[in-house]
Amino acid sequence: LPVPSREKAPPFGKLQGLPRAQDLVARAKLEGNKLVVKGGKSAPDQVLTIDPGLQASLTKIMQNYQVPYGAAVVLEPSTGRVLAMAEHSEAKPELRGLPIRAVYPAASIFKIVTGSALLEAGVSPDTEACFHGGKRRLHERQLEDTDRDGACYSLALAMGKSANVIFAKLTSKHLTADSLKRMAARLRFNREIPFAQPLDVSLAYIPEDGFALANTGAGFGDVYLSPLHGALLASVAANEGRWVDPVLVEPEPFMPLPEPEPVLTPTAAHELTRMLEETVTHGTARGVFRERGFQVKDAVGKTGTLADREPFRDYSWFVGFAPKDNPRVAVAALIVNDPKWRIRGSYLGREALRLALERIPAPVELTAPAGAAGKH
């Protein structure tokens with residue numbers, strides 16, 4: 001599919017709502033503790049995987065803060081079950097389908113793709129590069145090492161602090177257009193993802209030109225992402241490198257869940273997780289995750305921020321999972337703000353993790369009773 005230009009024709013301007021006939025979440029009715037879509041005479045009822053309490057809590061946050069446009073997705077990484085797919089638009093209250101539309105710039109969330117490609121190319125999370133500038137845009141001369149480079153970060157810290165110049169430099173040095181295209185395709189960009197509702201294809205234009213390629217690797221390219229796809233990206237690292245398709249309707253007992261597909265090696269997934277941890281411990285989400293009383297233990301993730309100029313729109317993302325060593329939930333949160341804003345994606349993402357972990361109990365570890373050792 002043709003990929004629109006973010007600067008000339010931002011696709012958000014053509015955002016279309018989801019028709020009610022295709023909107024299973026809007027049509028579902030609460031029965032006990034489940035959301036159920038009635039099937040009618042010839043079709044069976046559909047029981048959704050969504051946790052109604054979690055869905056309501058996340059929706060309420062966005063309503064209370066009157067976000068112009070917002071979406072939050074929570075998944076169970078190991079199975080792909082969608083536990084929440086919440087949305088709200090203060091600007092257009094009738095608008096539905098925000099979590100499955102891919103009209104939002106991926107921004108620095110694409111660094112997950114670039115970082116995965118760099119790991120596969122043999123770049124270590126400890127590889128250091130030095131830089132200056134590049135916070136909001138890049139210049140070709142910044143790809144060269146100069147005396148103006150006043151800070152040096154490892155690749156892991158560069159992920160955490162979203163250091164654009166370092167990702168651009170390492171893309172230019174270690175990646176080709178083909179290697180970045182292949183990693184993007186493995187992670188389902190430019191490909192359909194099967195889902196119970198129509199899900200936009202997340203489009204990524206990977207240029208051949210050296211500087212344009214580096215610019216894209218840093219998160220400034222024409223790349224678009226849906227919140228559901230964002231949660232699935234986080235799930236890959238959580239699943240030790242395996243892709244699991246999303247599930248919205250509980251399968252019949254005799255129907256197996258989709259088979260996971262290896263897309264990263266377990267070693268690369270572990271290194272990617274280590275890089276994503278820097279976002280929360282030392283990077284761009286450190287402040288919101290350290291807020292007293294609202295911490296999420298062992299969370300990892302990635303933020304992303306980018307803005308359209310005319311008209312002004314500020315897109316802010318958080319994707320991640322927790323706990324890092326035994327992941328139970330993966331999330332994506334997106335807020336599209338006006339110049340005046342109340343919350344951003346990292347706040348909503350933290351709350352999605354925190355509330356989901358409260359509602360989903362940790363697995364019980366079985367221990368042998370005292371004195372049972374050696375008995376059969």
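Predicted model: local features only at pLDDT ≥ 70, side-chain atom pairs only at ≥ 80, totals over all residues.
Trainee: Where does Asp298 lie?

Mentor: Asp298 sits in the loop between α10 (286-289) and β12. Helices (H or I, at least four residues) and strands (E, at least two) are DSSP runs, numbered from the N terminus. Asp298 has a positive phi of about 60 degrees, although it is not a glycine.

Trainee: Which loop holds Gln66, and what is its phi?

Mentor: Gln66 is in the loop between α2 (52-64) and β4 (69-76). Its phi is positive, about 50 degrees, and Gln66 is not a glycine either. Gln66 is partly exposed, with a relative accessible area of 38%.

Trainee: On to disulfides. How many does a search of the whole structure find?

Mentor: The general idea is a pair of cysteine sulfur atoms within 2.5 Å. Searching the whole structure gives 1 disulfide. Cys130 and Cys152 form it, with their sulfur atoms 1.9 Å apart. This pair links distant parts of the chain, with Cys130 in strand β7 (residues 128-131) and Cys152 in strand β8 (residues 151-154), 22 residues apart.

Trainee: Why is the disulfide of Cys130 and Cys152 given a hand?

Mentor: The torsion about the S-S bond of Cys130 and Cys152 is about 95 degrees, so this disulfide is right-handed. As for surface, Cys130 is partly exposed at 24% relative accessible area, and Cys152 is partly exposed at 38%.

Trainee: What lies in the loop between β7 and β8?

Mentor: Lys135 lies there, and Lys135 is exposed, with a relative accessible area of 68%. Lys135 also gathers with Arg136, Arg137 and Arg309 in a surface patch of positive charge. Patches are made of residues with over 30% relative accessible area and no salt bridge, where like charges are joined within 9 Å and nonpolar side chains (Val, Leu, Ile, Met, Phe, Trp, Tyr) within 5 Å. Accessible areas come from the Shrake-Rupley method with a 1.4 Å probe, and for residues only the protein chains shown count as cover. Lys and Arg count as positive and Asp and Glu as negative, while His and the chain ends are not counted. The place of a charge is taken as NZ of Lys, CZ of Arg, CG of Asp or CD of Glu.

Trainee: How many salt bridges does the structure hold?

Mentor: Side chains of opposite charge can pair when their charged atoms come close. A salt bridge is a side-chain nitrogen of Lys or Arg within 4 Å of a carboxyl oxygen of Asp or Glu. The structure holds 22 salt bridges. One of them joins the side chains of Arg101 and Asp200 (3.2 Å, N to O). Arg101 lies in the loop between β5 (81-88) and β6 (104-105) and Asp200 in the loop between α6 (177-186) and α7 (210-217), so the pair ties together parts that are 99 residues apart in sequence. Arg101 is buried at 11% relative accessible area, whereas Asp200 is partly exposed at 25%.

Trainee: Where do Asp314 and Arg344 lie?

Mentor: Their side chains, Asp314 and Arg344, meet in a salt bridge (2.7 Å, N to O). Asp314 is in strand β13 and Arg344 in the loop between β14 and α11 (345-359), so this pair ties together parts that are 30 residues apart in sequence. Asp314 is buried, with a relative accessible area of 8%, and Arg344 is partly exposed at 24%.

Trainee: Which residues are joined by a cis peptide bond with omega of about -10 degrees?

Mentor: Glu310 and Pro311 are, and Pro311 lies in the loop between β12 (300-308) and β13 (313-322). Another cis peptide bond joins Ala322 and Pro323, with omega of about -15 degrees. Pro323 is in the loop between β13 and β14 (329-337).

Trainee: Last one: is helix α3 enclosed or open?

Mentor: Of the 10 residues of helix α3 (residues 111-120), 9 are buried, so α3 is largely enclosed by the rest of the structure. Among the buried residues are Lys111, Ser116 and Leu119. After α3 comes Gly122, whose phi is positive, near 95 degrees.

Key:
Residues numbered from 1 in each chain as written. Heavy atoms only, no water. Buried < 20%, exposed > 50% of the residue type's maximum accessible area, 1.4 Å probe, protein only.
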